[in-house]
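Subject: Structure handover and notes

Dear colleague,

Please find the structure below, followed by notes on what was found in it.

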Amino acid sequence: MELCKLVLLLLTVMTVAEAIWMELPTSGTKCLSEDIHTNVVVLADYSVIGDEEHAQANVVPTISVKVTSPFGNNLHHKENVTHGQFAFTTTEAGNYLACFWMDNHAPGAKAVTIGIDWKTGISAKDWESVARKDKIEGVELELVKLEGIVQAIHENLEYLKDREAVMREENEKTNSRVAWLSIMSLGICIAAAVLQVFYLKNFFRKKKLI
């Protein structure tokens, strides 16, 4: 029974859509970002959601979209669109940024709402194609999905482990530099104090005060 509950929970988590509604102002840019490791499939759909005012005017505002990698590489760029899709496989680990802005900056323009369905990793996989290709269905297909989920979790844990190792190494380097800087500062202070003592001693001797 517990195993069945776990299976159902994993399937529920996997099938949840990562949909976001975001309001774009008439000026300025709004961005979404996600920290993703390498060799991960990213798939996203976006569209302008018109309100009653836009529907009455029979006008759908257009937007521009730009997606960049952690190193600033351009992965997707569209202008004057009402909807679109982008898909890529990550080659760099870090924050992937998707920015949206309105094209129309005319006086009296209204903000618009856009819907974004952002999927990564196992959520972006086309399971229907997998089922047709491997000729599997039912329980066997669900087991393949579970295997994919477990593999994705393992990859995420390995990614976090590597990130932790990098951060720990950077912290150790920083601590070492701070320690050496403290020792150097202490040495400089001691040297300055010794020189000051000798200077004052010679000064008082010249003045025949000691």
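Among contacts in the protein (heavy atoms within 4.5 Å) between residues at least 6 apart in sequence, 75% join residues at least 24 apart. This is a predicted model, in which local features need pLDDT of at least 70 and side-chain atom pairs count only at pLDDT 80 or more, while totals for chains, interfaces and linings use all residues. Residues are numbered from 1 along each chain as its sequence is written, and side-chain values use heavy atoms, with hydrogens and water left out.

Overall make-up

The protein has four helices and eight strands. Both kinds of element are DSSP runs numbered from the N terminus: helices are H or I with at least four residues, strands are E with at least two. Read from the N terminus, the order is α-β-β-β-α-β-β-β-β-β-α-α.

Of the 210 residues in the protein, 24% are buried. Buried means under 20% relative accessible area, exposed means over 50%, and partly exposed is in between, using a 1.4 Å probe and protein chains only. The protein exposes about 14,900 Å², and carbon and sulfur atoms supply 59% of that area. Accessible areas come from the Shrake-Rupley method with a 1.4 Å probe; for residues, only the protein chains shown count as cover.

The core

In soluble globular proteins, nonpolar side chains tend to be buried together. A nonpolar core is here a set of buried Ala, Val, Leu, Ile, Met, Phe, Trp, Tyr and Cys residues joined through side-chain atoms within 4.5 Å. The largest such core has 23 residues, of which I63 and F100 touch the most other members. At least two residues of this core come from each of β1 (19-24), β2, β3, β4 (63-68), β6 (83-89), β7 and β8 (112-120).

S69 is also buried, at 6% relative accessibility. Its place is in the loop between β4 and β5. Leaving aside residues up to four places away in sequence, S69 touches L75, E92, N95 and Y96.

The disulfide

A disulfide is a pair of cysteine sulfur atoms within 2.5 Å, and by this rule the count comes to one. The disulfide joins C31 to C99, with 2.0 Å from S to S. C31 lies in strand β2 and C99 in strand β7 (residues 94-102), so the pair ties together parts that are 68 residues apart in sequence. The link of C31 and C99 is right-handed, with 105° about the S-S bond. C31 is partly exposed at 37% relative accessible area, whereas C99 is buried at 13%. Another cysteine, C189, is exposed at 53% relative accessibility.

Salt bridges

The structure holds four salt bridges, a salt bridge being a side-chain nitrogen of Lys or Arg within 4 Å of a carboxyl oxygen of Asp or Glu. One of them pairs D35 with R163, the closest N and O atoms being 2.9 Å apart. D35 lies in strand β2 and R163 in helix α4, so this pair ties together parts that are 128 residues apart in sequence. D35 is partly exposed, with a relative accessible area of 38%, and R163 is partly exposed at 35%.

Two others lie within helix α4. R168 and E164 meet at 4.0 Å, N to O; being four residues apart in helix α4, they are separated by about one helical turn. K173 and E169 have their closest N and O atoms 3.7 Å apart, and they too are four residues apart in helix α4, about one helical turn. R168 is partly exposed at 44% relative accessibility, K173 at 39% and E169 at 42%.

Surface patch

L186, I190, V194 and F198 form a nonpolar patch on the surface, with about 390 Å² of accessible area together. Patches are made of residues with over 30% relative accessible area and no salt bridge; like charges are joined within 9 Å, and nonpolar side chains (Val, Leu, Ile, Met, Phe, Trp, Tyr) within 5 Å. I190 lies in helix α4 (residues 138-206) and is partly exposed, at 49% relative accessible area.

Backbone angles

Most residues other than glycine have a negative phi. N39 has a positive phi, near 60°; N39 lies in the loop between β2 (30-36) and β3 (41-49) and is exposed at 65% relative accessibility. N80 also has a positive phi, near 55°. N80 is found in strand β5 (residues 74-81) and is exposed at 52% relative accessibility.

Regards
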